[in-house]
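Biologist: Before we discuss the terms used for this assembly, please show the sequence and the structure.

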Amino acid sequence: MSRLSLSLYRSEFLKTFLQYVGVALAFVPVGIAYGLMVATRGERLDLLLVLLGIGFVTARFVWRRLEVILARWGVRVSEQSIATSVYIVTDVRVAAVARFQYAFLTVATVLTAAAGSKGSVRAEQGWSTVAHTRLLMLTGA
Amino acid sequence: MKKEGGIPASGWLDVHTLKTLSRHTSGALGALIASWLIGHGVQYFVDGDTLVGTIVSWTERIVFVGVFLQLSYSVLRTFYFRHKDTNVPLVVVALSL
């Protein structure tokens with residue numbers, strides 16, 4: 001069940017559907033405005049075209065914002081790139097301080113996610129890249 | 001003819017484009033169905049001759065037109081990026097739709 005919900009969560013179809021729902025919602029104020037205009041002054045084609053133009057610009061904005069928001073749901077690195085996400089740090093100065101370890105983990109996670117989406121390894125949508133990135137720090141001691 | 005994913009890819013409509021188009025079409029169809037259900041659900045409780053009924057009716061129509069506008073834009077954009085590096089003019093692609 002959880003696998004099914006995760007699959008639905010990662011589905012590009014669902015994201016596209018949500019984007020189109022956002023577009024539909026963006027046209028609702030335009031429809032209300034034109035409905036008010038029709039009820040009071042009658043139908044006017046020029047005003048309809050202007051309002052449709054305004055609605056389309058708004059819908060484009062909503063589309064892009066939703067695209068960013070849905071992309072931020074998370075990028076999970078695939079199993080293939082997990083194998084390459086093992087880092088060996090031999091520098092004692094980095095490994096000794098906990099803050100440096102966290103910083104290194106963050107940098108490695110971000111770089112891995114970016115390489116996964118650009119390179120031959122296909123990035124998958126998921127919850128967390130941190131959980132799927134393995135960091136092996138050897139102090140050399 | 002080049003084959004991709006078991007499906008023959010023609011010059012202007014390959015598998016990747018087909019997948020993108022099906023994604024957009026199903027997304028738009030879902031949004032249209034949702035809009036239709038909500039619009040008709042509201043109109044069921046509202047008299048169509050009143051101010052609210054007129055507004056709801058026109059809102060539903062304009063939402064439909066808006067979703068179709070977005071779908072058309074997405075389809076044309078898909079074909080544009082598919083063929084922008086080739087010698088297939090966009091007008092030919094648009095007409096072949």
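**Burial, contacts and packing**

Modeller: Of the 97 residues in chain B, 20% are buried. The model is predicted, so to speak of local features requires pLDDT of at least 70 and side-chain atom pairs count only at pLDDT 80 or more, whereas totals for chains, interfaces and linings use all residues. Residues are numbered from 1 along each chain as its sequence is written, and chains are lettered from A and ligands numbered from 1 in the order in which they are written.

Biologist: What makes a residue buried?

Modeller: A residue is buried if 20 or more other C-beta atoms, placed from the backbone, lie within 10 Å of its own; with 12 or fewer it is exposed, and in between partly exposed.

Biologist: Which helices and strands does chain B have?

Modeller: Chain B has three helices and two strands, in the order β-β-α-α-α along the sequence. These elements are DSSP runs numbered from the N terminus: helices are H or I of at least four residues, and strands are E of at least two.

Biologist: How many residues of chain B are in contact with chain A?

Modeller: Contact requires C-beta atoms, placed from the backbone, within 7 Å; 21 residues of chain B are in contact with 24 residues of chain A. Helix 2 of chain B gives the most to that side of chain B, with twelve residues. The side divides into eleven nonpolar, nine polar and one charged. Here Ala, Val, Leu, Ile, Met, Phe, Trp, Tyr, Cys and Pro count as nonpolar, Asp, Glu, Lys and Arg as charged, and the others, Gly among them, as polar.

Biologist: Why are helix 4 of chain A and helix 2 of chain B called oblique to each other?

Modeller: Their axes come within 10 Å and cross at roughly 60°. Angles under 35 degrees count as roughly parallel, over 145 as roughly antiparallel, 65 to 115 as roughly perpendicular and the rest as oblique. The two helices are therefore oblique to each other. The contact is made by A:Leu52, A:Gly55, A:Phe56, A:Ala59 and A:Trp63 of helix 4 of chain A and B:Val65, B:Gly66, B:Leu69 and B:Gln70 of helix 2 of chain B.

Biologist: What makes a set of residues a nonpolar core?

Modeller: Its members are buried Ala, Val, Leu, Ile, Met, Phe, Trp, Tyr and Cys residues joined through C-beta atoms within 7 Å. The largest nonpolar core has 18 residues, and A:Val23 is among those with the most contacts inside it. Helix 2 of chain B gives the most to this core, with seven residues. Beyond its neighbours within four places in sequence, A:Val23 is in contact with residues including A:Ala59, B:Ala31 and B:Val67.

How values were computed. Contact = placed C-beta atoms within 7 Å. Axes fitted to C-alpha atoms, helices over the stretch in contact; angles between N-to-C directions.
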